Amino acid sequence: MQIRRSLGEKIFDAANVIILALACVTVIIPILHVIASSLSSTNALIHAKVSIWPVDFNWSNYEAVMKNKTFWRSFSISIFVVVVGTLINMLMTIFTAYPLSKSYLRGKNAILIYIVFTMIFYPPMIPVYLVVKDIGLINTVWAMIIPVALSQFNLLICLTFFRSLPEELFEAARVDGMGEMRMVMQIAVPLSKPIMMTLGLFYAVFHWNSYATALLYITKTHLKPLQLYLYNLVAKSDMNDMLAIAAESTTQLNPQGLQMATIMVATVPIVIIYPFIQKHFIKGALIGSVKE
Amino acid sequence: MEQIDKKHSPGFPLLKSVLKHRILYAMLIPGIVYLFIFKYIPLFGSVIAFKDYNIYKGIWASDWVGFKYFYQFFNYPQFTRLLWNTLAISFYQTIFAFPAPIILALLLNELRNAAFKRSVQTILYLPHFLSWVIIGGLGYMLMSPQVGLINQWIAAFGFEKIHFLQEPGYFRSIIITSGIWKEMGWNAIIFLAALAGISPSLYEAAKIDGAGRWKQFLHITMPGILPAVMLLLLLKIGHTLDLGFEQIYIFLNPITYATGDVLDTYSYREGIIQGKYSMTTAIGLFKAVVGFLLLLMANRASKSLTGQGIF
């Protein structure tokens, strides 16, 4: 049944569509501007001719980035941190959540309080830094992995999900003589596949995007992850990096064009997996909000 | 001896239960150890705010100095500037950035075309997945006086180009705008879920009673999302002094310290770079205490106003 719309409603609906379309344009334009700048010639950039479409289209900025060894070293450090870090995150999350999901486990409430306490009262930056320093993690890749090995928030999401699995399944497996470790990997995890994907992606995107941990714990250039490399390039306009890239190139390159090409290459992994992660992330965000 | 006997006696249920599920308990060890090392030790280590931290003596053996570093921080000439900047940015975030996703969710909720709605969501969620460094890069490019798009427009209209990132007057606006740009879409998800949770029968009944869309919005939609709004507002107030270090730090430079230097960025510079460990830990504790008190106050206010609170 279609109820006829009043004039006021028609105006509102039209305005609503326009407002939301404008919001989308606001999101897209900066991204297009950066893509266009990275693909334009130095001359067009200097004369501020580039808006959202490349002028004198060419790949020279990208060629320079591709040849840049510092960039690729940072890129591979980031890949390492994402892969190993996410793996450790998931193992920690799964194996901490699984026992706590068992209603018959004695003392589980005390352990839950122990966990939730750290979410309400979290330590300041400096004492954490001192602990990381005392353990000897400063200036190692592990400084970007071990101090953030577990997110209590994601742990609670995982716990909620494990609790909803029917205990009879585990009982049956126990009768068949299956050990607890195998039950986790062969029953609990496969049955929670959607939430595992979501949490894995939460962790992976965190590792890929974060620069604060590296800023705190990494001072050696050869250990800097991609985001910290980008930080120096963008915020500090690191002239050494810029000269290093430009020196390897034959044509005259504009620093801003180079910066933007580097940024685009660093964004590509996110954009490639975005359609895939969007679905899972929304699910995770909802479970997370219910939990809060 | 007695205790050992007790442990081995079959009548001791706790121990029997622990032994039976020893593998489950063993699984918990890495998580417990992790939290102990990286959360509890630093939490107790915060006592260095009351000590003269000495690298050679370590956290526990350094000498007690009482509230010396708190006095030092409160008497620091820039203390009011740091606190004011932090509070001002937080206030603007609450006024401008907090309602943005609510308004967005309400507008999306009124859309009739599902395909258009999905496309808008897909586009607006994307910035959430870009890192602050990348968004910083977009911002530097967009606002660059030499090549940036915004200054191209300003020049096209015949105005003087503006060095946005070198002007203290623009810093807070840049933080608020970039925050909305990145998180508006993503934060709307929670409110969209709250809207989806409103029973359609309420709307049906309202229609039968002759309520138009505006009346429905006022009497069904608004009360429907109010609990979610209150909850998130409370959490935001509890984090008044936590502004998101990564975001502020990427846009901050010495010229914009006047309006943009906040407690977190100052702590990082003075603590990590200058090595003033005790003083910056005092700042951290100050932040934690203020945040906790604000949360308690907001919770009480919310309870007396709407009957809802977190605890």
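**Note on a predicted two-chain model**

1. The contact between the chains takes 88 residues from chain B and 96 residues from chain A. Contact here means heavy atoms within 4.5 Å. This is a predicted model: local features need pLDDT of at least 70, side-chain atom pairs count only at pLDDT 80 or more, and totals for chains, interfaces and linings use all residues. Residues are numbered from 1 along each chain as its sequence is written, and side-chain values use heavy atoms, with hydrogens and water left out.

2. The size of an interface is often given as the accessible area lost when the parts come together. Chain B and chain A bury about 8,200 Å² between them, and carbon and sulfur atoms give 77% of that. Buried area is the accessible area (1.4 Å probe) that two parts lose on being put together, summed over both. On the chain B side, B:Met27, B:Phe38 and B:Phe129 supply 9% of the area buried against chain A, more than any other three residues.

3. Chain A has 14 helices and zero strands. Helices (H or I, at least four residues) and strands (E, at least two) are DSSP runs, numbered from the N terminus. Of the 292 residues of chain A, 54% count as buried. Buried means under 20% relative accessible area, exposed over 50%, and partly exposed in between (1.4 Å probe, protein chains only). For contacts in chain A with a separation of 6 or more, 71% join residues 24 or more positions apart. Chain A exposes about 13,400 Å², with 69% supplied by carbon and sulfur atoms. Accessible areas come from the Shrake-Rupley method with a 1.4 Å probe; for residues, only the protein chains shown count as cover.

4. Look next at helix H9 (residues 180-191) of chain A. H9 has twelve residues and reaches 15 Å from its first C-alpha to its last, close to the 16 Å expected at 1.5 Å a residue. The expected span is 1.5 Å times one less than the number of residues. Buried in H9(A) are A:Glu180, A:Met183, A:Val184, A:Ile187, A:Ala188 and A:Val189. Their cover includes helices H4 (69-100), H7 (152-163), H8 (167-175) and H10 (193-209) of chain A, together with helix H3 (22-45) of chain B.

5. The largest nonpolar core holds 163 residues. A nonpolar core is a set of buried Ala, Val, Leu, Ile, Met, Phe, Trp, Tyr and Cys residues joined through side-chain atoms within 4.5 Å. Among the members that touch the most others are A:Tyr98, A:Phe162, A:Met196 and B:Phe251. H4(A) gives the largest share of this core, 13 residues. Apart from this core lies another, of 13 residues, including B:Tyr266 and B:Met279.

6. What does A:Met196 contact, leaving aside its neighbours within four places in sequence? The partners are A:Met90, A:Ile94, A:Cys158, A:Phe162 and A:Val189.

7. A:Asp56 has a positive phi, near 50 degrees. A:Asp56 sits in the loop between helix H2 (42-46) and helix H3 (60-67) of chain A, and is partly exposed at 48% relative accessible area. A:Asn139 also has a positive phi, near 60 degrees. A:Asn139 lies in the loop between helix H6 (125-135) and H7 of chain A, and counts as buried at 18% relative accessibility.

8. Chain B is assigned domain 1 (2-66) and domain 2 (69-306). Such bounds come from an automatic or database domain assignment. The C-alpha centres of the two domains lie 38 Å apart. Their contact takes eight residues from domain 1 and seven residues from domain 2.

Technical notes:
Chains are lettered from A and ligands numbered from 1 in the order in which they are written.
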